[in-house]
Amino acid sequence: MSQRINYIQQCPELFKKYSDFNNAIKAGSLEPSIHILVTTRASQMNGCAFCLDMHVKEARIQGESDLRVHHIAIWRESPLFSDRERAALAWTEVLTKIPEDGVSDEVFNLVRAQFNDKELSELTFSIMAINGWNRVNVAFRTPPGSADKAFGLDKAGLS
């Protein structure tokens, strides 16, 4: 796969602002494991090779177990996730592929039972952010692993 456009070089000011937005989300009240689940699941669903590669490496660096990372795609059947994590994954899926009839009360209430208003807002912004990253990296075919050194992902030992 060859990269179509290097959007970072073309729009460094926008990249910086979006990165700042993303960093503000990560600095919020949600636990890092929730961010890993959200970013990995959305990236799987969107077929974003660059982001999926990145978030698997981040998971390794943060100490997430390999088995849990492998089970993200089958989270409904896996016993490895808490109710809170399952709710975050359900919210990720519904906001990544918004149904024609919108978000159901059933899904909202499931998530609302696990997250307070602030956390749910942060979770929603986190899902918004990763979907944006997925779209730009899929559109321009950013090669997986191409920014490992810049983002410190070479420390994962997976390259």
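## Surroundings of Ser78

Beyond its neighbours within four places in sequence, Ser78 is in contact with His71 and Arg86. This comes from a predicted model. Ser78 sits in the loop that joins helix H5 (66-71) to helix H6 (83-96).

Ser78 counts as buried because its relative accessibility is 2%, under the 20% cut-off. Its side chain makes a polar contact of 2.7 Å with the side chain of His71. A polar atom of the Ser78 side chain also lies 3.1 Å from the backbone nitrogen of Leu80.

## Packing of H2 against H8

Helix H2 (residues 12-26) packs on helix H8 (residues 117-139) at an angle of about 145°, and the two axes are 9 Å apart. The crossing of H2 and H8 is left-handed.

On the H2 side, the residues in contact are Phe15, Tyr18, Ser19, Phe21, Asn22 and Ile25. They meet Glu122, Phe125, Ser126, Met128, Ala129, Gly132 and Trp133 in H8. By class, this contact has 8 nonpolar, 4 polar and 1 charged residues.

## Nonpolar cores

The largest nonpolar core has 23 residues, and Ile34, Trp91, Val111, Phe115 and Leu123 have the most contacts inside it. Helix H3 (32-46), helix H4 (49-61), H6 and H8 each supply at least two residues of this core. H8 gives the largest share, 5 residues.

Leaving aside neighbours within four places in sequence, Trp91 is in contact with Val103, Val107, Phe108, Val111, Leu120, Leu123, Thr124 and Ile127. A second, separate core of 6 residues includes Leu37, Trp75, Phe81 and Ala90.

Methods. Residues are numbered from 1 along each chain as its sequence is written. This is a predicted model: local features need pLDDT of at least 70, side-chain atom pairs count only at pLDDT 80 or more; totals for chains, interfaces and linings use all residues. Side-chain values use heavy atoms; hydrogens and water are left out. Helices (H or I, at least four residues) and strands (E, at least two) are DSSP runs, numbered from the N terminus. Buried means under 20% relative accessible area, exposed over 50%, partly exposed in between (1.4 Å probe, protein chains only). A polar contact is a pair of N or O atoms within 3.5 Å; within protein, one must be able to donate a hydrogen and the other to accept it, and residues adjacent in sequence count only if both atoms are side-chain atoms. Contact means heavy atoms within 4.5 Å. Axes are lines fitted to C-alpha atoms, for helices over the stretch in contact, and angles run from 0 to 180 degrees between N-to-C directions. A crossing is left-handed if the near helix is turned anticlockwise from the far one by less than a right angle, and right-handed if clockwise. Ala, Val, Leu, Ile, Met, Phe, Trp, Tyr, Cys and Pro count as nonpolar, Asp, Glu, Lys and Arg as charged, and the others, Gly among them, as polar. A nonpolar core is a set of buried Ala, Val, Leu, Ile, Met, Phe, Trp, Tyr and Cys residues joined through side-chain atoms within 4.5 Å.
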